Amino acid sequence: MRGYLAFTNKEFVEQIRTYRFLILLSVFFIFGLMSPLLAKLLPEILSGMDLQGMVIVIPEATAMDAYAQFFKNITQMGIIVILLIFGGVISNELTKGTLINILAKGLGRQMVILAKYTSMLVLWTLALVLASLVNQGYTMLLFDTSNISNLLFSIFCLWLFGAFLLSLIILSSVLTGGNFGGLILTVVVLGGLLILDLFPKLEKINPIYLSSHNLEFLTGLLKPSDAYLPVMVTVLLLTGNILSSIFLFSSKKL
Amino acid sequence: MAVLELKNLEKSFGKLGVIKNLSFAVEEHSVFGFIGKNGAGKTTTMKMILGFLQPDAGEIYVNGERVVYENTKTNRHIGYLPDVPEFYGYMSPKEYLRLCGDITGLTRDVTYARSVELLSMVGLENTNRRIRGFSRGMKQRLGIAQALLNEPRLLICDEPTSALDPIGRKEILDILSIARERTTIVFSTHILSDVERIADSIGVINDGKLILEGPVQNIKNMRRKDTIQLVLGNPEMAKELVTKIKEFPFVLEGVIEKEGIFIKLTNAEEFGKEIMALLIREDIPVLRYEILEPSLENVFLEVVG
């Protein structure tokens, strides 16, 4: 436990001093700020353009457009940023050899995995909360948000998807060698999941569900109960990822 | 009591046998030099002592406790200095030692007190900048400080001087000489002069087997093969002289080089006088007659080569 706390603390110091903390929070802050603004301004931008006689009818922007922007930004750009920031989380230490001293001091290897996952999860949570709050504030300022339902649940789904992604990054990082192995394997697995998502029958046992149906919860098209199966599957996969990472990392040659 | 004991250790990577039936013991408060060529199996052995690699067969005991693979408890007795120690570049030496202390379970007060003491011992007491900009020698010194932080019974150093310039090497050896007062040191190297300077006993590993082991002085004497260097006043006589010298039964080898004639023989003190007698008999002018000290390097080359 002592070792876990010490190493988690070290992870936080690392995130702050290597600017990961700053980068992730500022990017997500910008997402929160930009999404409602873009939704509001897009019709005006389009109308200001010379369309050479073409007539485009744009319905007036609503809060839903703002949320659409928000979820799109985070599930696309946001995930890329997460991948780039955390891609080398374990392989970096292995290739550099910084873990050797620490493990020789008697830190359990499972603690390394748990501490890294904890710190990543905390950072992801902070970033998502910040983006959501900013987005919510701005959206409420610019639009009418009275007919939005299940917003918190929808954001929870996105959060859980992110938590799954982080566990996948850790597992890939443990499985592969080299600096970019973890990153590449994560992208490959994500690609595989996206392809599986094309089959409607498999949709609900795929974590991708949690990041692709966020708007439907807001409009009321889907109810939280529709997502119970994907939520459970994702929690199981996430736990499985972490447990296998611990198992594999413990028997890894250093 | 033996702080470290290896019994019949075996390890291979695939078909490549790296360690073959390796056994040795290191007594408390001694400095053990672990010598071998690159690739002889030194680092592999050290990683097995630390539980980072699993031996195929055999047992390792640290302080009487058996080493088990992964998460081994015996590591609390060990301080380890890797060949090229790497640290978190964004930390200062003090912060790094505090992290080590927290992981080992020392209280902050104890960690602080020891950090101050150790950093001044390795000459980093006034270095408050981050480790990122450290030279190799500085990293090596910080490596020794972190290895000694938990007052280990056994300090294992993997080639602590190999990557350093002569000044850096001297500094590390001086620090190790101080450290020997508080702990037992095992260090691997292929720089034999380092071993001669600080080791009490040595083990020479070649092809995964220990081919020579014992106190440094004994080994030097046991493998004694003396060399006499002769410089003649008249170099033209050298060739003829060497032919005559080679006729002595105790002379193993006689070669003429730029610096003079080198004669290898079994015992220079005993048989040297016969050579001198020959010189007088033949009336050969001699500028210099010197018995060269046997060095570990000669021993090493002889047993390994």
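This is a predicted model: local features need pLDDT of at least 70, side-chain atom pairs count only at pLDDT 80 or more; totals for chains, interfaces and linings use all residues.

Analyst: Residues are numbered from 1 along each chain as its sequence is written, while chains are lettered from A and ligands numbered from 1 in the order in which they are written.

User: What makes the pattern of chain A a run of α symbols?

Analyst: Helices (H or I, at least four residues) and strands (E, at least two) are DSSP runs, numbered from the N terminus. By that rule chain A has 11 helices and zero strands, and its pattern reads α-α-α-α-α-α-α-α-α-α-α. Chain B, in turn, has 10 helices and 14 strands.

User: How do you know which share of chain A and of chain B counts as buried?

Analyst: A residue is buried if 20 or more other C-beta atoms lie within 10 Å of its own, exposed if 12 or fewer, and partly exposed in between, with C-beta atoms placed from the backbone. Of the 254 residues of chain A, 40% count as buried; for the 305 residues of chain B the value is 40%.

User: Why are S6 and S10 of chain B said to stand at the edges?

Analyst: Two strands pair if DSSP finds at least two bridges between them. The open sheet of six strands in chain B has the order S6-S7-S8-S3-S9-S10, with mixed pairing. Strand S6 (78-81) and strand S10 (209-215) each have a single partner strand, so one side of each is left without a neighbour in the sheet. From one strand to the next, the twist averages 15°.

User: What makes S9 and S10 of chain B a pair?

Analyst: Six bridges join strand S9 (residues 201-206) to S10(B), and the two run antiparallel; the definition asks for at least two bridges, so the pairing holds. Ser201(B) has Pro215(B) as its bridge partner in S10(B).

User: How do you know that helix H1 of chain B packs on the sheet?

Analyst: Two residues are in contact if their C-beta atoms, placed from the backbone, lie within 7 Å. Helix H1 (residues 42-49) touches strand S3 (31-36), strand S7 (154-158), strand S8 (184-189) and S9 of chain B, and its direction makes about 145° with that of S7(B). Axes are lines fitted to C-alpha atoms, for helices over the stretch in contact, and angles run from 0 to 180 degrees between N-to-C directions. Helix H4 (residues 136-148) of chain B lies across S6 and S7 of chain B, at about 165° to S6(B).

User: Which residues of chain B touch chain A, by class?

Analyst: In all, 22 residues of chain B are in contact with 24 residues of chain A. H2(B) gives the most to that side of chain B, with five residues. By class, the side has 13 nonpolar, five polar and four charged residues. Here Ala, Val, Leu, Ile, Met, Phe, Trp, Tyr, Cys and Pro count as nonpolar, Asp, Glu, Lys and Arg as charged, and the others, Gly among them, as polar.

User: What makes a set of residues a nonpolar core?

Analyst: A nonpolar core is a set of buried Ala, Val, Leu, Ile, Met, Phe, Trp, Tyr and Cys residues joined through C-beta atoms within 7 Å. The largest has 124 residues, and those with the most contacts inside it include Leu166(A), Ile170(A) and Ile156(B). A second, separate core of eight residues includes Ile228(B) and Leu230(B).
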